[in-house]
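Student: I am new to this structure and would like to go through it slowly. Could we look at it together and ask what lies behind each description?

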Amino acid sequence: MAIWNPDIECAKRSAIEAMQLERLKWSVSQAYDHVPMYHDKMVKAGVKPGDIQTLKDLSKIPLTCKTELREQYPFKLLAVPMHDVVRIHASSGTTGQPITGCYTRRDLDVWSECIARIATAGGVTADDIAQISFGYTLFTGAFGLHGGLEKIGCAIIPISSGNTERQIHIMRDFGSTVLIATPSYALYLCEMAQKMDALKDIKLRVGLFGAEASTEEMRTELENRFHILATENYGLTEVMGPGVSGECECKHGMHINEDCFLAEIIDPDTEEVLPMGAEGELVLTTLAKEAQPAIRYRTRDITRLIEERCPCGRTSLRMAKIKGRSDDMLIIRGVNVFPSQIESVLIGQQGIGPHYEIVVTRKDYTDHLQVKVELVDAALLDKYSELEALHRKIKADLRTVLQLDVEVTLVSPNTLKRFEGKAKRVSDLR
Ligand code: DLL
């Protein structure tokens with residue numbers, strides 16, 4: 001298993017922590033000196049950059065949340081003059097004002113380096129032909145992966161997302177060996193390839209997936225259908241985009257690029273920093289970002305850190321699969337439900353496909369959870385007893401996992417929405 005930058009990725013903990021401390025001091029000073037929002041927050045909390053003498057001192061600085069960043073739209077978070085900015089990305093802003101991400105030339109170099117590391121960890125080499133099926137837009141996914149894969153030296157197909165039938169033609173004709181997409185779009189591509197009877201001619205061997213939560217069951221589904229090794233990548237516009245962390249071929253947690261990001265886990269309610277290994281909300285601080293530093297940014301993503309050594313030889317801390325976002329968690333009749341729990345029950349069940357929708361309503365002051373699932377074979381609709389048995393089984397399995405009664409609706413094949421980017425499977429109509 002190749003390692004892109006063994007000096008960093010396999011460094012001793014003491015060396016990594018020394019580097020982190022030095023960079024943390026620099027990053028906090030950048031933010032304090034040049035970004036009024038961070039300056040004001042630190043002054044209010046009575047902290048100065050000079051108070052950061054150990055990594056633990058970071059907790060003296062207040063946390064930062066999405067709303068605060070939104071208030072700085074578009075460029076009030078810049079720590080450098082616009083003259084030094086060479087790229088501007090933005091989050092989709094579907095749930096409000098978008099958040100901009102600005103990069104200096106050096107930021108782009110660091111970004112490519114981070115991606116080169118995680119793509120190599122996922123098994124990509126210079127001999128690969130990589131089909132990037134993320135949208136080449138303001139979204140960080142496509143351009144982020146593009147820079148890193150170019151650094152590795154693979155042949156990139158910048159096809160962007162959408163036009164799914166054409167994606168399959170290109171995948172087959174160009175002999176793509178690496179697919180880069182959201183897991184939900186990868187699944188749609190796979191279905192299309194099956195429909196076009198092209199799966200047998202496809203040479204994919206690696207899938208680098210990310211940008212949305214997906215379960216272990218979904219990974220297995222993609223690996224089995226496409227005959228690939230599927231690894232997962234994580235990142236967010238607020239701190240850089242993809243490249244914060246990524247899995248190696250061992251697929252046991254995403255290795256964090258710790259020379260560029262400092263990760264903490266907090267209790268989302270009390271905001272207290274939790275000990276190593278505890279599950280909670282991921283908080284990230286950038287250590288190398290020039291244009292737009294992020295200090296103690298609350299990601300809302302729920303995970304835990306893993307410090308046990310990985311068999312791959314990398315020494316970096318890893319992040320477990322994202323369980324969900326704290327703001328995605330549904331509270332149904334007082335019970336906490338993550339969409340990922342529902343997905344893990346559905347995927348792999350005989351008779352149903354991997355597409356689903358979750359609809360939450362309130363009737364007579366009571367929450368009601370409906371899960372719509374697609375049948376694989378429409379013929380089942382005419383076989384009442386088999387249909388009934390399948391329905392009963394899914395309902396019972398959901399009950400075991402969620403401790404809730406769920407209305408299960410089995411729908412005809414190919415009737416639920418397919419996604420070309422991040423999937424939106426939950427409608428909370430309360
Ligand atoms: O999704 C960056 C990215 C692009 C990551 C491509 C990986 C691959 P945003 O659009 O700003 O950035 O969305 C960030 O997406 O806070 C998570 O909630 C979610 N997310 C990203 N990667 C994962 C993942 C990009 N592997 C938000 N698993 C984050 C679960 C993920 N959720």
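Student: What is the accessible surface of the chain, and how much of it belongs to carbon and sulfur atoms?

Tutor: The accessible surface of the chain is about 18600 Å², and 51% of it belongs to carbon and sulfur atoms; such areas come from the Shrake-Rupley method with a 1.4 Å probe, and for residues only the protein chains shown count as cover. This is a predicted model, in which local features need pLDDT of at least 70 and side-chain atom pairs count only at pLDDT 80 or more, while totals for chains, interfaces and linings use all residues. Residues are numbered from 1 along each chain as its sequence is written, and side-chain values use heavy atoms, with hydrogens and water left out.

Student: How do you know whether the radius of gyration of the chain agrees with that of a compact globule?

Tutor: The radius is taken over C-alpha atoms, and the globule rule is 2.2 Å times the number of residues to the power 0.38. For 430 residues a compact globule would have a radius near 22 Å, and because the chain has 22 Å, the two agree. Along its principal axes the C-alpha trace spans about 70 × 55 × 40 Å, and the secondary structure comes to eleven helices and 21 strands, where helices (H or I, at least four residues) and strands (E, at least two) are DSSP runs numbered from the N terminus.

Student: Why is V411 called buried?

Tutor: Buried means under 20% relative accessible area, exposed means over 50%, and partly exposed lies in between (1.4 Å probe, protein chains only). V411 has a relative accessible area of 17%, and therefore counts as buried. V411 has its place in strand β20 (residues 407–411) and, leaving aside its neighbours within four places in sequence, is in contact (heavy atoms within 4.5 Å) with V373, E374, L375 and L416.

Student: What makes R296 buried, and where is R296 found?

Tutor: With a relative accessible area of 4%, R296 is buried, and R296 is found in the loop between β11 (280–286) and β12 (297–303). A polar atom of the R296 side chain lies 3.4 Å from the backbone oxygen of S59. A polar contact is a pair of N or O atoms within 3.5 Å; within protein, one must be able to donate a hydrogen and the other to accept it, and residues adjacent in sequence count only if both atoms are side-chain atoms.

Student: Why is helix α10 described as largely enclosed?

Tutor: Six of the eight residues of α10 (residues 339–346) are buried, so the helix is largely enclosed by the rest of the structure. The buried residues are P339, S340, I342, E343, V345 and L346, and what covers them includes α9 (216–226), β18 (352–363) and α11 (384–402).

Student: Which residues come nearest to the ligand?

Tutor: Of the 20 residues around the ligand, E232, N233, T237, D301 and K422 come nearest; a residue is near a molecule or strand if one of its heavy atoms lies within 4 Å of it. The largest share of this shell, five residues, comes from β7.

Student: How do you know that T237 and N233 have polar atoms by the ligand?

Tutor: A polar side-chain atom of T237 lies 2.5 Å from an oxygen atom of the ligand, and a polar backbone atom of N233 lies 2.6 Å from a nitrogen atom of the ligand. Taken alone the ligand exposes 610 Å², of which the protein buries 92%.
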